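Me: I'd like to go through this model feature by feature. Can we start with backbone angles and loops?

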Amino acid sequence: MIVEPGGHVHATAVLVGDRGILISGPSGSGKSSIASELVRRAADRGAFAALICDDQCLLQAISGRLICTAPASLQGGVEVRGSGLHTVDFETCGVIHLAVELSKPEQAIRFAGDARIVLEGVAMPHLILPEREVEAACRAVEARLFRAFWKK
């Protein structure tokens, strides 16, 4: 994940419950689709979820937490490939708890374990998942954020 000067990153961010997820990957890898599906799945459970930003995110470390905001010109918009930008419910900012990187399937990591990434000086869990596999990505994100790890 490449964070440019000023904390700018090509990514999509979403809140699910009280957890923020930053999803990065190449154009067409499924960032917007995963974010939209995470919001839909949360709504089906009666849980809160909302987009923070789509395509362009601004990151800043504040008091040891990674804060994500949307550029003002993109707030409330999400891309639907082939259709364009559409309006969605959104939050202007959120704390990020998990970084997801979408990559070619052969580069994805099956068992992330304790994998971490440091963004703007803040370390957090890091998943590297296959691009364009929306359902599998949603399951991995939800498991990482909301399920306890198995201890034998």
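Reply: Start with Ser63, which sits in the loop between strand 4 and strand 5 (65–69). Keep in mind that this is a predicted model.

Me: What is the phi of Ser63, and is Ser63 buried or exposed?

Reply: Its phi is positive, about 50°, although Ser63 is not a glycine. Ser63 counts as exposed because its relative accessibility is 74%, and the cut-off for exposed is over 50%.

Me: Which loop holds Asp55?

Reply: Asp55 lies between strand 3 and strand 4 (56–62). Asp55 is not a glycine either, yet has a positive phi of about 85°. With a relative accessible area of 28%, Asp55 is partly exposed.

Me: Now helix packing. How are two packed helices described?

Reply: By the angle between their axes and the distance between the axes. Here, take helix 1 (residues 31–44) and helix 2 (residues 134–146). Their axes come within 9 Å and cross at roughly 60°. That angle makes helix 1 oblique to helix 2. The crossing is right-handed.

Me: Which residues make the contact?

Reply: Helix 1 contributes Ser33, Ile34, Glu37, Leu38 and Arg41. From helix 2 come Val134, Glu135, Ala137, Cys138, Arg139, Val141 and Glu142. By type, six of the contact residues are nonpolar, one is polar and five are charged.

Me: And the cores? What is the general idea?

Reply: In soluble globular proteins, nonpolar side chains tend to be buried together. In this model, the largest nonpolar core has 20 residues. Those touching the most other members are Ile21, Ile23, Ile34, Leu38, Val100 and Val141.

Me: Which elements each supply at least two residues of this core?

Reply: Both helix 1 and helix 2 do. So do strand 1 (8–16), strand 2 (19–24), strand 3 (49–53), strand 9 (98–103) and strand 11 (122–130). A second, separate core has 18 residues, including Leu22, Cys68, Ala99 and Met124.

Me: Back to Ile23. What does Ile23 touch, not counting residues up to four places away in sequence?

Reply: On that count, Ile23 touches Ala11, Thr12, Lys31, Ile34, Ala35, Val100 and Leu102.

Me: One last residue. Where does Gly94 lie, and is Gly94 buried or exposed?

Reply: Gly94 is in strand 8 (residues 93–96). Its relative accessibility is 9%, so Gly94 counts as buried. Leaving out residues up to four places away in sequence, Gly94 touches Leu15, Ile52, Leu66, Ile67 and Cys68. Gly94 and Ala50 are 44 residues apart in sequence, and their C-alpha atoms are 9.9 Å apart in space.

Methods: Residues are numbered from 1 along each chain as its sequence is written. This is a predicted model: local features need pLDDT of at least 70, side-chain atom pairs count only at pLDDT 80 or more; totals for chains, interfaces and linings use all residues. Side-chain values use heavy atoms; hydrogens and water are left out. Axes are lines fitted to C-alpha atoms, for helices over the stretch in contact, and angles run from 0 to 180 degrees between N-to-C directions. Helices (H or I, at least four residues) and strands (E, at least two) are DSSP runs, numbered from the N terminus. Angles under 35 degrees count as roughly parallel, over 145 as roughly antiparallel, 65 to 115 as roughly perpendicular and the rest as oblique. A crossing is left-handed if the near helix is turned anticlockwise from the far one by less than a right angle, and right-handed if clockwise. Contact means heavy atoms within 4.5 Å. Ala, Val, Leu, Ile, Met, Phe, Trp, Tyr, Cys and Pro count as nonpolar, Asp, Glu, Lys and Arg as charged, and the others, Gly among them, as polar. A nonpolar core is a set of buried Ala, Val, Leu, Ile, Met, Phe, Trp, Tyr and Cys residues joined through side-chain atoms within 4.5 Å. Buried means under 20% relative accessible area, exposed over 50%, partly exposed in between (1.4 Å probe, protein chains only).
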